[in-house]
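Hi everyone, thanks for making time.

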Amino acid sequence: MVDILLALLFSFTCACGFGICFGIRPQELYLAGLGGIVTRIVLLICEPAFPNRFVYTLIAAVVATVFAEIIGRQRNASIAKYLYPALVLLIPGDVLYELIMAIIQTDLAMINEKLVLLAEGLAGIALGCMIVPMVVRNLVKEPF
């Protein structure tokens, strides 16, 4: 339980830090942190339920994008401003590190395995960020 609370605290802090980088006003930074917490909760739920990195990353990216759409529309602000801090937590840095280590050790089997995992994670993020805006724009009928 302590590990989960620490993960949520670090997710909040990380997302707030990136919120500063993306120009979120200090009085609204808690929204960036909340996006980080929401993303982490989805990851904590989906990662054990779906062993495929693409699937749980896709689901978390979709939820993060829905969160950013809602907050961005309420604040009449750029959705990206709230989306990027929430997505930072999904970047597969652990896999990239392991891939680099496999390259240094010239372990071809490990290189192939980590490349697939990296591609799954990045594809899940990209696709998850595309699905929600396409659906929202079709429902709301806004001009691009």
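Two bits of housekeeping. This is a predicted model, so local features need a pLDDT of at least 70 and side-chain atom pairs count only at pLDDT 80 or more, while totals for chains, interfaces and linings use all residues. Residues are numbered from 1 along each chain as its sequence is written, and side-chain values use heavy atoms, with hydrogens and water left out.

Okay, the big picture. The protein chain has six helices and zero strands. When I say helix or strand, I mean DSSP runs numbered from the N terminus: H or I with at least four residues for helices, E with at least two for strands. Along its principal axes, the C-alpha trace spans about 50 × 35 × 30 Å.

How much of the chain is buried? Buried residues make up 37% of the 144 residues. Here buried means under 20% relative accessible area, exposed means over 50%, and partly exposed is in between, with a 1.4 Å probe and protein chains only. The accessible surface comes to about 8,400 Å², and 72% of that belongs to carbon and sulfur atoms. Those areas come from the Shrake-Rupley method with a 1.4 Å probe, and for residues only the protein chains shown count as cover.

What about contacts, meaning heavy atoms within 4.5 Å? Among contacts between residues at least 6 apart in sequence, 66% join residues at least 24 apart.

Now zoom in on helix α1, residues 2–21. It has 20 residues and reaches 29 Å from its first C-alpha to its last, close to the 28 Å expected at 1.5 Å a residue. That expected span is 1.5 Å times one less than the number of residues. Which residues of α1 are buried? They are L8, S11, A15, C16 and G19. Seen down the axis of α1, the buried residues fall within an arc of 130°, so they line one face of the helix. The arc is taken from the directions from the helix axis to the C-beta atoms. That buried set packs against α2 (29–49) and α4 (79–87). Turn to the face pointing away from the buried side, and you find the exposed residues V2, D3, F10, I20 and C21. Just after α1, G23 takes a positive phi of about 80°.

Next, charges. Side chains of opposite charge can pair when their charged atoms come close. I'm calling something a salt bridge when a side-chain nitrogen of Lys or Arg is within 4 Å of a carboxyl oxygen of Asp or Glu. By this rule the count comes to six salt bridges.

E28 forms a salt bridge with R25, with the closest N and O atoms 3.0 Å apart, and another with R75, at 3.3 Å. E28 sits in the loop between α1 and α2 and R75 in helix α3, so this pair ties together parts that are 47 residues apart in sequence. Both arginines count as partly exposed, R25 at 43% and R75 at 34%. Together R25, E28 and R75 are linked in a network of salt bridges.

E69 is buried at 6%, whereas R73 is partly exposed at 37%.

Staying in α3, which runs over residues 53–75, look at R53. Buried or exposed? R53 is buried, with a relative accessible area of 14%. Leaving out residues up to four places away in sequence, R53 touches P92, D94, V95, L117, E120 and G121.

Over on the surface, L127, M130, I131, M134, V135, L139 and V140 form a nonpolar patch with about 620 Å² of accessible area together. Patch residues have over 30% relative accessible area and no salt bridge; like charges are joined within 9 Å, and nonpolar side chains (Val, Leu, Ile, Met, Phe, Trp, Tyr) within 5 Å. L127 is in helix α6, residues 108–140, and is partly exposed at 32%.

Last stop, the loops. N76 has a positive phi of about 55° although it is not a glycine. N76 is found in the loop between α3 and α4, and is exposed at 74%. T106 has a positive phi too, near 50°. T106 lies in the loop between α5 (93–104) and α6, and is exposed at 62%.

Notes
Contact means heavy atoms within 4.5 Å.
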